[in-house]
Amino acid sequence: MKSYEEMTKEELLKEKEGLEAEYKKFQQRGLKLDMSRGKPSQEQLDLSMGMMDVLTSGVDLTCDDGTDCRNYGVLDGISEAKQLIGDMIECNPDNIIIYGNSSLNIMYDTISRSMTHGVMGNTPWCKLDKVKFLCPVPGYDRHFAITEYFGIEMINVPMLPTGPDMDMVEDLVSKDEAIKGIWCVPKYSNPQGITYSDETVRRFARLKPAAKDFRIYWDNAYCVHHLYDINQDHLIEILKECKRAGNPDMVYKFCSTSKITFPGSGVAAIATSANNLEDIKKQLKIQTIGHDKVNQLRHVRFFKDIHGITEHMRKHADSLRPKFEMILDTFERELKGLGAGSWYSPKGGYFITYETLDGCAKNVVAKAKKAGVVMTPAGAPFPYGKDPHDSVIRISPSYPSLEDLTTAIDIFVVCVKLASIEKLLGE
Ligand code: PMP
């Protein structure tokens, strides 16, 4: 097969004509398909319905330590939930605070507290002239929305197949005291599905930041979200690495069961050093008398232990895998060798990223929309919504049925081909 680059103008025009006819046919179908957000499908949500049965009216809601979950108390989470979450994120339960229903909420609170009250006795960020964050790109739009909301300047750091460009990270944090943090999704990253290499994690742990209150925001949202039983990515545990490297307080690790049980009704947590926990609890005890222990207990009784989570995630994988594989197979078949862009093949997580030729992403997303396929807006995975190359498109395979997704991807492929040809023809 010839790549588009190798084709003559006449060949490209002919190709374009055929694609336009295909595109029109899709348009005539009046489709309404949505690949915009990484929501679990109904089939996936049904997997957790058993959680509704474990706490019926006759059930005793007493925790292992005698706490009555129905009442006030226990600021940092019931011990059995700490054990379960600790096993899930490979941390000591003593290093964990269980929060409410959203890890994004914890991240927001963490930034907010640093702004108003500072980190472990350091100057509150609001009193500083400038506060900056490093943002590996492409990344998670809602992370960037938090730092933008607080007026924190965001600096793009390119993602490599091993994780963020660590040469750049090391250089920047060691020189600039205004850099107070970095957003990371270290496993099956949103949106590329990249897992940070061992070396990347070790380099993170050994950072020598100019700012004493620099923290790594380690959002382990996809820690157990494998697509395969054997062919899985492995991520080194960062808290232990930081401790070993003499930087025990440098990381906040976040997680939730949003994409394990019910998004919006899961359990979220932070894991960090004893010093950081003490700092956080000063705020937490003012903020709340305690989070939802009944929901924590419901999760524990449903899963029982980490093996319950592993089994459960196998069922999620059974639902997600065919969707991921269909997309990657379609890309291989339709786009490989065309010179119309590139993609990663993730082994877990929730997304596939397609990288178009420079300057084509917005065009592809607009074309898809006109044919009835809603995608995540181009630019969304970048701070301020600005993709410097206009080339990154996030695909969220989870929510639509396999049938709808197949149609949506067929349309997407036509749009990618058309946009690439238009670019090469200088249109
Ligand atoms: N972090 C990442 C990387 C995510 O992709 C998501 C959900 N899309 C979240 C956090 C949100 O998590 P939660 O529901 O716990 O707020």
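This is a predicted model: local features need pLDDT of at least 70, side-chain atom pairs count only at pLDDT 80 or more; totals for chains, interfaces and linings use all residues.
Let me start at the ligand, where 13 residues stand around it, and where Ser 102, Ser 103, Leu 104, Ser 256 and Ser 258 come nearest. If we sort that shell around the ligand by class, we find six nonpolar residues, six polar residues and one charged residue.

The chain averages a pLDDT of 97, and 100% of the residues score at least 70, while for the complex the predictor gives an ipTM of 0.99 and a pTM of 0.97.

Now to the sheets. Strands of a sheet pair through backbone hydrogen bonds, and they may do so in parallel or antiparallel fashion. In this model, eight strands make up an open sheet with mixed pairing, and if you follow them across, the order is β2-β9-β8-β7-β6-β3-β4-β5. Why is one side of β2 and of β5 left without a neighbour in the sheet? The reason is that β2, residues 96–98, and β5, residues 163–164, stand at the edges, and each has a single partner strand. For β5 we can look at that end of the sheet in detail: strand β4, which covers residues 153–160, pairs with β5 in the antiparallel sense over two bridges, and Leu 160 has Gly 163 of β5 as its bridge partner.

There is also an open sheet of three strands, in the order β10-β11-β13, and here the pairing is antiparallel. Its edge strands are β10, residues 342–343, and β13, residues 392–395, each of which pairs on one side only. Between β10 and β11 there are two bridges, and Trp 343 has Tyr 354 of β11 as its bridge partner. On the other pairing, β11, which spans residues 352–355, is joined to β13 over four bridges. Among the bridge partners in β13, Arg 394 goes with Thr 353, and Ile 393 goes with Tyr 354, so please keep Tyr 354 in view, as it has a bridge partner in β13 and is itself the partner of Trp 343.

Let me turn to a pair of helices. Two packed helices are described by the angle between their axes and the distance between the axes. Helix α1, residues 9–28, packs against helix α13, residues 402–424, at an angle of about 145°, and the axes are 10 Å apart. The crossing of α1 past α13 is left-handed. Which residues of α1 and α13 make the contact? From α1 they are Leu 12, Glu 15, Lys 16, Leu 19, Glu 22, Tyr 23 and Phe 26, and from α13 they are Ile 411, Val 414, Lys 417, Leu 418, Ile 421 and Leu 424. By class, this contact has nine nonpolar residues, four charged residues and no polar ones.

Finally, a few backbone details. Most peptide bonds are trans, and most residues other than glycine have a negative phi. Against that background, the peptide bond from Val 137 to Pro 138 is cis, with omega near -5°, and Pro 138 sits in the loop between β3 and α5. Asn 190 and Pro 191 are also joined by a cis peptide bond, with omega about 15°, and Pro 191 lies in the loop between β6 and α7. Glu 90, which is not a glycine, has a positive phi, near 60°, and its place is in the loop between α3 and β2.

Note on methods
Residues are numbered from 1 along each chain as its sequence is written. pLDDT is the predictor's confidence in each residue, from 0 to 100. A residue is near a molecule or strand if its C-beta atom, placed from the backbone, lies within 6 Å of it. Ala, Val, Leu, Ile, Met, Phe, Trp, Tyr, Cys and Pro count as nonpolar, Asp, Glu, Lys and Arg as charged, and the others, Gly among them, as polar. Two strands pair if DSSP finds at least two bridges between them. Axes are lines fitted to C-alpha atoms, for helices over the stretch in contact, and angles run from 0 to 180 degrees between N-to-C directions. A crossing is left-handed if the near helix is turned anticlockwise from the far one by less than a right angle, and right-handed if clockwise. Two residues are in contact if their C-beta atoms, placed from the backbone, lie within 7 Å.
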